[in-house]
Amino acid sequence: MEYEREQEFKQHIISLLEAHDWNVDTEVLDDERRGRVDIVAEHPAVGCVAIEVKRTRNYTTRHIAEGFAQILNYRSYTYSDHDIDYWALAPGFDGEIRPYRNRKKRHMQVRNMFRRTLAELKLGMLSRRREAIAFGKQLDWCIPLRDPETMTEDDLDTINEKIASREWDASEYDPRE
């Protein structure tokens, strides 16, 4: 399904989460009111996930970069009402790709590169196709939005170990240095 506006895509995600027993808060401000996370969802089997939603038409780099910057900033803020375990970006990529040679292969390469870049930053990517938050390319590194109670402690430990094993910590990065 295609969404013309970010709000429609965000509402789709919220509806999906609520239909599967996630407690959902939207437009969540940090304690100092510097940033506003689009979705904070909590499920007893998984924990708390913060999701920033971006509508990225035709893989427009501006929206992707904006999403990266926002989530990296938001992750450094304090949210007293939420103990956030995982951070994810939900890029609303177009399902239809503009015509160019080898478009399907290129489309998949871009998504995989994007997902891997987020994983290196210790972030997840919401996959509309899988209806899960992926923390890398492996299928077992995902938190399902549908039936999250199927996650075991071992599943969460695997994801947490993968996140912890990432060498670069964006929270230590200061572009002014």
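The legends below describe several close-up views of one predicted protein model. Residues are numbered from 1 along each chain as its sequence is written, and side-chain values use heavy atoms, with hydrogens and water left out. Because the model is predicted, local features need pLDDT of at least 70 and side-chain atom pairs count only at pLDDT 80 or more, whereas totals for chains, interfaces and linings use all residues.

**View 1. Overall arrangement of helices and strands.**
The protein has 4 helices and 7 strands, where helices (H or I, at least four residues) and strands (E, at least two) are DSSP runs numbered from the N terminus. From the N terminus on, these elements follow the order α-β-β-β-α-β-α-β-β-β-α. Of the 177 residues in the protein, 47% are buried, a term that stands for under 20% relative accessible area, with exposed over 50% and partly exposed in between (1.4 Å probe, protein chains only). The accessible surface of the protein is about 10,300 Å², and 44% of this surface belongs to carbon and sulfur atoms; accessible areas come from the Shrake-Rupley method with a 1.4 Å probe, and for residues only the protein chains shown count as cover. Among contacts (heavy atoms within 4.5 Å) with a separation of 6 or more, 57% join residues 24 or more positions apart.

**View 2**
An open sheet with mixed pairing is formed by 7 strands in the order E1-E2-E3-E4-E5-E6-E7; two strands pair if DSSP finds at least two bridges between them. Strand E1 (23-29) and strand E7 (142-144) stand at the edges with a single partner strand each, so one side of each is left without a neighbour in the sheet. From one strand to the next, the twist averages 30 degrees, with axes taken as lines fitted to C-alpha atoms, for helices over the stretch in contact, and angles running from 0 to 180 degrees between N-to-C directions. E4 and strand E5 (residues 124-127) pair in the parallel sense over 2 bridges, and Leu89 stands opposite Met125 in E5. Helix H4 packs on the sheet, where H4 touches E4 and E7, and the direction of H4 makes about 85 degrees with that of E4.

**View 3**
E5 and E6 pair in the antiparallel sense over 3 bridges, and Ser127 has Ala132 in E6 as its bridge partner. The hairpin that E5 and E6 form has 4 residues between the strands, and Glu131 in the turn has a positive phi of about 50 degrees. Gly124 and Leu126 point one way from E5, while Met125 and Ser127 point the other way, and all are buried. Pro144, found in strand E7, is buried with a relative accessible area of 19%. Not counting residues up to four places away in sequence, Pro144 touches Trp22, Glu131, Ala132, Thr150 and Met151. The C-alpha atoms of Pro144 and Ser127 are separated by 9.6 Å, although these residues are 17 residues apart along the chain.

**View 2. The nonpolar cores.**
The largest nonpolar core has 25 residues, and those with the most contacts inside it are Leu17, Ile39, Ile51 and Tyr86; such a core is a set of buried Ala, Val, Leu, Ile, Met, Phe, Trp, Tyr and Cys residues joined through side-chain atoms within 4.5 Å. At least two residues of this core come from each of helix H1 (6-19), strand E2 (36-43), strand E3 (47-54), strand E4 (86-91) and helix H4 (153-165). H1 supplies the largest share, 5 residues. Apart from this core lies another, of 19 residues, among them Tyr79, Ile84, Phe114 and Leu118.

The structure holds 3 aromatic pairs, defined by ring centres of Phe, Tyr and Trp (its six-membered ring) within 6.5 Å, with planes under 30 degrees apart counted as stacked, over 60 as edge-to-face and the rest as tilted. Tyr79 and Trp87 form a tilted pair, 5.9 Å centre to centre with 55 degrees between the planes. The rings of Tyr86 and Phe135 have their centres 5.5 Å apart and their planes at 55 degrees, so this pair is tilted. Tyr86 lies in strand E4 and Phe135 in the loop between strand E6 (132-134) and E7, so the pair ties together parts that are 49 residues apart in sequence. Tyr86 is buried at 4% relative accessibility, and Phe135 is buried with a relative accessible area of 2%.

**View 3. Asp38 in strand E2.**
Asp38 lies in strand E2 and is buried, with a relative accessible area of 5%. Leaving aside neighbours within four places in sequence, Asp38 is in contact with Glu6, Lys10, Asp25, Thr26, Glu27, Ile51, Glu52 and Val53.
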